[in-house]
Amino acid sequence: MDIDPTVQCSLSSQFDRTFPPGVHIGAQSYIAFEARILTHDVTRGLYLHTRIGKNCFIGGRSLILPGVEIGDNCVIGAGSIVTKSVPSRSLVAGNPARILRENIEVGPYGRFLTADATESALAEAGLA
């Protein structure tokens, strides 16, 4: 496994143990609860490298299939099944995952740049 030390992972996230050298995760990415990253498909005899770029957020219970490459600064929606590679700066979701937005701007761990302002506004309104 090639996982940058700055990566944050939920304790319940799962990485393929059949072909661990195929897991690659870039700096300051976040892997949420019960997300699964696969690198092999026993039915087809495939052992592929699966790559996640830097500053990405992989939503809870998502499944990243073998051989998929997710570019830098991407957000993968919760419960998504990612069957194809994702270009950098994309927001994808669904089954199969499809691009919902392109050219998004996120910071470390795939956090939207407007997230702090939104949290502050909610706190001021007494909603957070």
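Colleague: Starting with Asp116, is that residue buried, partly exposed or exposed?

Modeller: Partly exposed. Its relative accessible area is 49%. Keep in mind that this is a predicted model.

Colleague: Which residue does Asp116 form a salt bridge with?

Modeller: Arg111. The closest N and O atoms of Arg111 and Asp116 are 2.9 Å apart.

Colleague: What other salt bridge does Arg111 form?

Modeller: One with Glu119. There the closest N and O atoms are 3.2 Å apart. Salt bridges with shared partners join Arg111, Asp116 and Glu119 into one network.

Colleague: And how accessible are Arg111 and Glu119?

Modeller: Arg111 has a relative accessible area of 36%, so it counts as partly exposed. Glu119 is partly exposed too, at 46%.

Colleague: How many salt bridges turn up in the whole structure?

Modeller: Five. Among them is the one between Asp41 and Arg44. Their closest N and O atoms lie 2.7 Å apart.

Colleague: Is Asp41 buried or exposed? And what about Arg44?

Modeller: Asp41 is buried, at 18% relative accessibility. Arg44 is exposed, at 60%.

Colleague: Why does 18% make Asp41 buried?

Modeller: Because buried means under 20% relative accessible area. Asp41, at 18%, therefore counts as buried.

Colleague: New topic, rings. How many aromatic pairs are there?

Modeller: A search of the whole structure finds two. One is Phe19 with Tyr47. Their ring centres are 6.0 Å apart.

Colleague: Is that pair stacked or edge-to-face?

Modeller: Edge-to-face, because the planes of Phe19 and Tyr47 stand at 80°.

Colleague: Where do Phe19 and Tyr47 sit in the chain?

Modeller: Phe19 is in the loop between β3 (14–15) and β4 (23–25). Tyr47 is in strand β8 (residues 46–47). Tyr47 is partly exposed, at 44% relative accessibility.

Colleague: What about the pair Tyr30 and Phe57, stacked or edge-to-face?

Modeller: Stacked. The rings of Tyr30 and Phe57 are 5.6 Å centre to centre, with 5° between the planes.

Colleague: Which strands hold Tyr30 and Phe57?

Modeller: Tyr30 lies in strand β5 (residues 30–31). Phe57 lies in strand β10 (residues 57–58). So this pair ties together parts that are 27 residues apart in sequence.

Colleague: Last one. How accessible are Tyr30 and Phe57?

Modeller: Tyr30 is partly exposed, with a relative accessible area of 29%. Phe57 also counts as partly exposed, at 27%.

Notes
Residues are numbered from 1 along each chain as its sequence is written. This is a predicted model: local features need pLDDT of at least 70, side-chain atom pairs count only at pLDDT 80 or more; totals for chains, interfaces and linings use all residues. Side-chain values use heavy atoms; hydrogens and water are left out. A salt bridge is a side-chain nitrogen of Lys or Arg within 4 Å of a carboxyl oxygen of Asp or Glu. Buried means under 20% relative accessible area, exposed over 50%, partly exposed in between (1.4 Å probe, protein chains only). Rings of Phe, Tyr and Trp (its six-membered ring) pair if their centres lie within 6.5 Å; planes under 30 degrees apart count as stacked, over 60 as edge-to-face and the rest as tilted. Helices (H or I, at least four residues) and strands (E, at least two) are DSSP runs, numbered from the N terminus.
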